[in-house]
Amino acid sequence: MTSLYTKELEVAQLAVQRAARLTKRVFHEKAKGTVSKDDKSPVTIGDFGAQALIIAALQHHFPGDEIVAEEEAAQLREDKALREQIWELVSTTKLDDVVAERFLGGAIESEEAMLELIDKGGSQGGGRGRIWAIDPIDGTKGFLRGGQYAVCLGLMVDGDVKVGVLGCPNLPVDDAAPLTADIGSNATDEGRGVIFSAVVGQGATSRPLGTGALAEGKNISMKPITEMSSATFCESVESGHSNQSDSARIAEKLNITNPSVRMDSQAKYGSIARGAGDIYLRLPTSKTYQEKIWDHAAGDLIVREAGGQVTDTTGSRLDFSKGRTLAANKGVVAAPAAVHGQVIKVVQEVLGL
Ligand SMILES: Nc1ncnc2c1ncn2[C@@H]1O[C@H](COP(=O)(O)OS(=O)(=O)O)[C@@H](OP(=O)(O)O)[C@H]1O
Ligand SMILES: [Mg+2]
Ligand SMILES: [Mg+2]
Ligand SMILES: [Mg+2]
């Protein structure tokens, strides 16, 4: 029997690899071209460009699929200079393997076609059919600092994540490298860049992030926790994205003595999936914020396929069928399956749930 989602996985990994070539070019070669969104968060030419390249590949192979993506082209339609900068990047970023590049459908035809592709990410999502979730740069603030960020792509079918891919250009390639807070540095690309991927029921994998055809992958799994006191947990860099005083109290109650490792983006999910860290806590900072599906779809599946359990703070699985946001969930608690219950119990004590 042929495995399910083989083609989707290959397209997704190559699309992420090509998009990451673009984001790395932006970091190394360009003024970052940051603009502010309506919610005051930053978006760069890298976010728009990566989204265009990923959607182009998905449209080439799966034209009937819906797409929920973070960015939209409205601002670019009004700003010629910004649009031209992005088009210059998008039209010149290719995989350096001719076969792989052709497989993704090759170059986008025109600037206008690029804008239309970006806007194909406007689906409302939901619990029916095939829907891709894209975060072209997750952790935009980390990206700007030279810290961690991730190019994220997930496929949901009838509200369940079936394929997840995370490209993390600034994480160590080595799955066994110790977890360090990497919130920004001038480190070279040497030894850095990894793609995490998973297909439902088929386990999770890591492979070096390359520039052409896909490199060989290795299975990854979470580290069994024997002593909670020696566990390491990851959390957001921004205190506005996850409540860091609540997490410190939770860690204390679990007798965890290691300081938290703060890193931007879904690199946190990838890091615990390969056993570099143990627990990921994302604790609500407001009653009204709803997490976006593109911030979690790929990471949720990768951690679960690596032997973890991912829920919100109430202990419910993340529900991707509610639209563009995780409207039914509050926060995220990801941990090895064997200790997840113990972690949730303390989370609930501390949050008073
Ligand atoms: N208030 C609030 N609460 C929770 N999450 C929020 C909030 N505001 C924004 N966001 C989303 O956080 C995404 C980045 O999450 P991180 O865990 O990488 O945060 S951090 O950069 O480490 O602080 C970030 O993703 P990107 O915009 O792709 O960077 C946002 O979608
Ligand atoms: Mg953003
Ligand atoms: Mg994001
Ligand atoms: Mg983003």
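**The sheet and its surroundings**

Author: Let us start with one pair: Gly154 stands opposite Gly164 in strand 6. The model is a predicted one, in which local features need pLDDT of at least 70 and side-chain atom pairs count only at pLDDT 80 or more, while totals for chains, interfaces and linings use all residues. Residues are numbered from 1 along each chain as its sequence is written, and chains are lettered from A and ligands numbered from 1 in the order in which they are written.

Reader: What makes strand 5 and strand 6 a pair?

Author: Two strands pair if DSSP finds at least two bridges between them. Strand 5 (residues 150–157) and strand 6 (residues 160–172) are joined by seven bridges and run antiparallel, so they meet that definition. Cys152, for example, stands opposite Leu166 in strand 6. In the hairpin of these strands, with two residues between them, Asp158 takes a positive phi near 50°.

Reader: And what counts as a strand?

Author: Strands are DSSP runs of E with at least two residues, helices are runs of H or I with at least four, and both are numbered from the N terminus.

Reader: What does UniProt list for "binding site"?

Author: The unreviewed entry lists Glu70, Asp135, Ile137, Asp138 and Asp295. These span 226 residues in sequence, yet no two of their C-alpha atoms are more than 9.7 Å apart, so they gather at one spot. UniProt positions are given in the numbering used here, feature names are shortened, and annotations may be inferred rather than shown by experiment.

Reader: Is Asp138 buried or exposed?

Author: Asp138, in strand 4, has 29 other C-beta atoms within 10 Å, so this residue is buried. Asp295 is buried too, with 24 other C-beta atoms within 10 Å, and is found in the loop between strand 12 (279–282) and helix 10 (297–305).

Reader: What does Asp295 touch?

Author: Two residues are in contact if their C-beta atoms, placed from the backbone, lie within 7 Å. Not counting residues up to four places away in sequence, Asp295 touches Asp135, Asp138 and Gln266.

Reader: How is the protein chain divided into domains?

Author: The chain has domain 1 (6–220) and domain 2 (228–351), with bounds from an automatic or database domain assignment. Their contact takes 45 residues from domain 1 and 33 residues from domain 2. Strand 6 gives the most to the side of domain 1 that touches domain 2, with seven residues.

Terms used:
A residue is buried if 20 or more other C-beta atoms lie within 10 Å of its own, exposed if 12 or fewer, and partly exposed in between; C-beta atoms are placed from the backbone.
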